[in-house]
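The sequence and structure are shown below.

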Amino acid sequence: AGKSGVVSFKWDGTNQYGDKVKDGYYSVTATYVDTTGASKSTQYGVYPVESIRYEDGASYVKLGSNYYPLSDITEFYDKSALS
């Protein structure tokens with residue numbers, strides 16, 4: 001709370017009760033207030049790329065049920081490297 005920009009964190013692999021969770025893919029959702037005062041949220045996680053769309057000279061990546069500008073994607077993982 002009260003921070004701006006990139007905020008880093010560490011997760012110890014436990015849930016809200018302190019129990020160790022099973023191996024798997026997890027995501028983080030953060031809620032924040034933007035510079036206009038609007039409440040927003042963002043999610044960070046590992047998602048399969050379902051398709052690539054080109055529209056009006058721009059590239060979009062389908063992750064889940066939404067398309068995102070390729071410029072919003074920060075990293076691609078080789079799925080076999082995650083196993």
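## Basis and accessibility

At 34% relative accessibility, Val28 counts as partly exposed, a class lying between buried (under 20% relative accessible area) and exposed (over 50%), with a 1.4 Å probe and protein chains only. Val28 belongs to strand E1 (residues 28–33); strands are DSSP runs of at least two residues, numbered from the N terminus.

The model is predicted: local features need pLDDT of at least 70, side-chain atom pairs count only at pLDDT 80 or more, and totals for chains, interfaces and linings use all residues. Residues are numbered from 1 along each chain as its sequence is written, and side-chain values use heavy atoms, leaving out hydrogens and water.

## Nonpolar patch

Val28 is one of the residues in a nonpolar surface patch, together with Phe9, Trp11, Tyr25, Tyr26, Tyr44, Val46 and Tyr77. Their accessible area together is about 880 Å² (Shrake-Rupley method, 1.4 Å probe). Patch residues have over 30% relative accessible area and no salt bridge, with nonpolar side chains joined within 5 Å.

## Salt bridges

Three salt bridges are found in the whole structure, each requiring a side-chain nitrogen of Lys or Arg within 4 Å of a carboxyl oxygen of Asp or Glu. Asp34 pairs with Lys40 at 3.3 Å, N to O; Asp34 is buried at 19% relative accessible area, whereas Lys40 is partly exposed at 40%.

Lys62 and Glu50 pair at 3.9 Å, N to O. This bridge links distant parts of the chain, joining strand E4 (residues 58–63), which holds Lys62, to strand E3 (residues 49–55), which holds Glu50, twelve residues apart. Glu55 and Arg53 form a salt bridge at 3.3 Å, N to O.

Methods
Patches are made of residues with over 30% relative accessible area and no salt bridge: like charges are joined within 9 Å, nonpolar side chains (Val, Leu, Ile, Met, Phe, Trp, Tyr) within 5 Å. Helices (H or I, at least four residues) and strands (E, at least two) are DSSP runs, numbered from the N terminus.
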